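Please keep the structure in view while reading.

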Amino acid sequence: MKIIGLLILAVFYAVYIIMMVLQKRKGIQTDQIAKGKQKTKVFYIELTMKIATYSVVAAEVLSLFLAPTYLPQTLVAAGVVLGFIGDILFTVSVVTMKDSWRAGIAENDKTEIIKDGIYSISRNPAFLAFDCVYVGLLLMAFNWVLLVFSVFAMTMLHLQILQEERFLSKTFGAEYNDYKGKVRRYLGRK
């Protein structure tokens, strides 16, 4: 399980880093999390989310190596499947977003609303992918510490989604609100 868990994490974060590098070559700063913002509620939510998402990775790696899991093998296997689904979802999400993909709220960047592909059935497939990876690794290497870190990270990602929805509604108005009325936050159409 250690190798599979590390592979899931490696694929996920390789996609993240590769997309950041490709965008940087085009002059796009992908990582907007808690950068260049006034010390507002958005800044603190993004900063806390960044800390949560970094710390959960450390907890996942340590759990894979140090904490034996006592969950039934069927749950562990479900975790493997969920982790790889997260990798696929994340890859499809950022590739579909193209140069509009950002980590954090890009207040000064010109982006567009992406409503096709995976975004036609989820307004936040990249965030859903994070959750799939978190839950998958939790099932693979369950312990109470990892559970706390995972729930905290997922909660912070959800708060980030709420911030982004307010920003998108303000920035794109009726176009975003119409999209929001048709596609669910995590999965499904209305």
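## Exposure of two residues

A residue is called buried under 20% relative accessible area, exposed over 50%, and partly exposed in between, with a 1.4 Å probe and protein chains only. Asp-116 has a relative accessible area of 49% and is therefore partly exposed; its place is in the loop between H3 and H4. The C-alpha atom of Asp-116 is separated by 37 Å from that of Gln-73, and the two residues are 43 residues apart along the chain.

Thr-53, by contrast, counts as buried because its relative accessibility is 12%, and Thr-53 is found in helix H2. Apart from neighbours within four places in sequence, Thr-53 is in contact (heavy atoms within 4.5 Å) with Tyr-13, Tyr-134 and Leu-157.

## Basis of the model

This is a predicted model, in which local features need pLDDT of at least 70 and side-chain atom pairs count only at pLDDT 80 or more, while totals for chains, interfaces and linings use all residues. Residues are numbered from 1 along each chain as its sequence is written, and side-chain values use heavy atoms, with hydrogens and water left out.

Helices (H or I, at least four residues) and strands (E, at least two) are DSSP runs, numbered from the N terminus.

## Two helix pairs

Two packed helices are described by the angle between their axes and the distance between the axes. Axes here are lines fitted to C-alpha atoms, for helices over the stretch in contact, and angles run from 0 to 180 degrees between N-to-C directions. Angles under 35 degrees count as roughly parallel, over 145 as roughly antiparallel, 65 to 115 as roughly perpendicular and the rest as oblique.

The axes of helix H1 (residues 2-25) and helix H3 (residues 73-97) come within 10 Å and cross at roughly 10°, which means that H1 is roughly parallel to H3. Residues meeting in this contact include Phe-12 and Tyr-16 of H1, and Phe-84 and Phe-90 of H3. The contact of H1 with H3 divides into 12 nonpolar, 3 polar and 1 charged residues, where Ala, Val, Leu, Ile, Met, Phe, Trp, Tyr, Cys and Pro count as nonpolar, Asp, Glu, Lys and Arg as charged, and the others, Gly among them, as polar.

The axes of H4 and H5 also come within 10 Å, but cross at roughly 175°, so H4 and H5 are roughly antiparallel to each other. Among the residues making this contact are Phe-127 and Tyr-134 of H4, together with Leu-157 and Glu-164 of H5. By class, the contact of H4 with H5 has 12 nonpolar, 2 polar and 2 charged residues.

## Pocket and cavity

On a 1 Å grid over the protein atoms alone, a cavity is a set of points where a 1.4 Å probe fits but cannot get out, and a pocket is an open set with protein on both sides within 12 Å along at least five of seven lines; lining residues have an atom within 4 Å of a point. Grid points are joined across faces, edges and corners, and a volume is the space filled by probe spheres set on the points.

The largest pocket holds about 760 Å³ of space. Its lining has 39 residues, of which Trp-101, Arg-102, Ala-103, Phe-127 and Glu-164 are the closest to the centre. H5 provides the largest share of this lining, 6 residues, and the lining divides into 27 nonpolar, 6 polar and 6 charged residues.

The structure holds 1 cavity of 30 Å³ or more, and the largest cavity has about 40 Å³ of space. Its lining includes Arg-123, Glu-164 and Tyr-176, and H5 gives the most, with 4 residues.
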